[in-house]
Amino acid sequence: MSDCKFTIGLDENSSIITHYLQCRDTSYEKTFRNEAIKLLDEEKNNFNIYKGVTASEAANELSLFPELTKIPFPCCNNPKFTFIDLFAGIGGFRIAMQNLGGKCIYSSEWDKQAQKTYLTNFGEVPFGDITKERTKQFIPDDFDVLCAGFPCQAFSLAGKKRGFEETRGTLFFDVAEIIRRKRPKAFFLENVKGLLIHDKGKTIEVILNVLRNDLDYYVPDPQIVNAMNFGVPQHRERVYIVGFRKDLNVNEFSYPTPTDTSKRFIDIREKNVVSAKYYLSTQYIYTLIEHRRRHESKGNGFGYEIIPDDGIANAIVVGGMGRERNIVIDKRLTDFTPVTNIKGEVNRDGWRRMTPREWARLQGFPDNFIIAVADASAYKQFGNSVAIPAIQATAEELLKRLKISNKTPYGRISKTRNCKK
């Protein structure tokens, strides 16, 4: 199989091929089949290990694409429902939904570094910019749940109708447009808690009006859910919005109650001594102390924060603030030789930033999740991700309303591959 020259990149062609292979032997493969076969047939000379066999026939062997088979999170056996993963990031929604028996039949994420991580863990290249009609055209029909952690944007309310057309030019419009076209049974949206007060409450007013009235879904009032209540030691509040197609006669929904508030930082701390590169320099510590002192003198609460072993981390976010407000004391380091260019020396008091793996654990990512990018990108990706346990607990409540049993295989799939866990 090593003679195969076709490689999976981070482009639309690879998105088409990987989605085709993921959906092979299901009713969803037709969405990708024609273009995927065309792309593979163009490369048929590269499949010389299968003499006399066309590329399209050879494509039925996933072993032609080893990077798609050696993944930690393959598709579920006998899926009970299907979903799509919009603004997919690195797949937090996907892991939660797969844990509940779902099969992802479409993903979209424009960031190339996030696509790389997604491919490494799920064997699939997400499609790119969801605002493009070409990208939307590859979304299959007849899936059950739409998942999206869409960015928050202000809407133009010049017309003051506050309906579907008012959202044009925003990413929410693209989510709403997909819901309008595909009519999934349900949707699950996630956003920062500030969405509820964004633009003095006008933004959420428009969103709910579109979902409830223009799209005709039952949408209970959104709720802020804190990840620290679901088994991860991170104070992370996010607003969740779920909705159900009205013909399903769902008229009640309760967001999940806390399941585990016991976890602390020590539960997710690296078990082995971490590299000196995560330890702060003496000069950097001095800068942090002076920065906080200046703000405190003005009555502000800005500045670094140290999380004790028995403490709860602050929300991890993109940028320096996410790391500076989550400093820990870890005195296990004995070799203080710098491994990067720093001003001053590696401090002897144990001050360090959390590692990307610790950030992954704060979001509920299992340890077999592959971090396929450099630290700077990894911090960004985990900071932008959803908290898997909180998503999963909410999705479980959503699936109960859809009467999707954990014991009954999903019926729409005509034939499923046995995917190894």
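**Around T18, and the cysteines**

Start with the side chain of T18: one of its polar atoms sits 3.1 Å from the backbone nitrogen of V125. A polar atom of the T18 side chain is also 3.3 Å from the backbone oxygen of S15. For reference, a polar contact is a pair of N or O atoms within 3.5 Å; within protein, one must be able to donate a hydrogen and the other to accept it, and residues adjacent in sequence count only if both atoms are side-chain atoms.

Keep in mind that this is a predicted model, where local features need pLDDT of at least 70, side-chain atom pairs count only at pLDDT 80 or more, and totals for chains, interfaces and linings use all residues. Residues are numbered from 1 along each chain as its sequence is written, and side-chain values use heavy atoms, with hydrogens and water left out.

So where is T18? Look in helix α1, residues 12-23 (helices are DSSP runs of H or I, at least four residues, numbered from the N terminus). T18 is buried, at a relative accessible area of 0%; buried means under 20% relative accessible area, with a 1.4 Å probe and protein chains only. Leaving aside residues up to four places away in sequence, T18 touches I8, L68, G123, E124 and V125, where contact means heavy atoms within 4.5 Å.

Now for the cysteines. The whole structure has 0 disulfides, a disulfide being a pair of cysteine sulfur atoms within 2.5 Å. C76 is in no disulfide either, with the nearest cysteine sulfur, that of C75, 7.2 Å away. C23 is buried at 1% relative accessibility, and C76 is buried at 4%.

Definitions and conventions
Helix = DSSP H or I, 4+ residues; strand = E, 2+ residues; numbered from the N terminus. Buried < 20%, exposed > 50% of the residue type's maximum accessible area, 1.4 Å probe, protein only.
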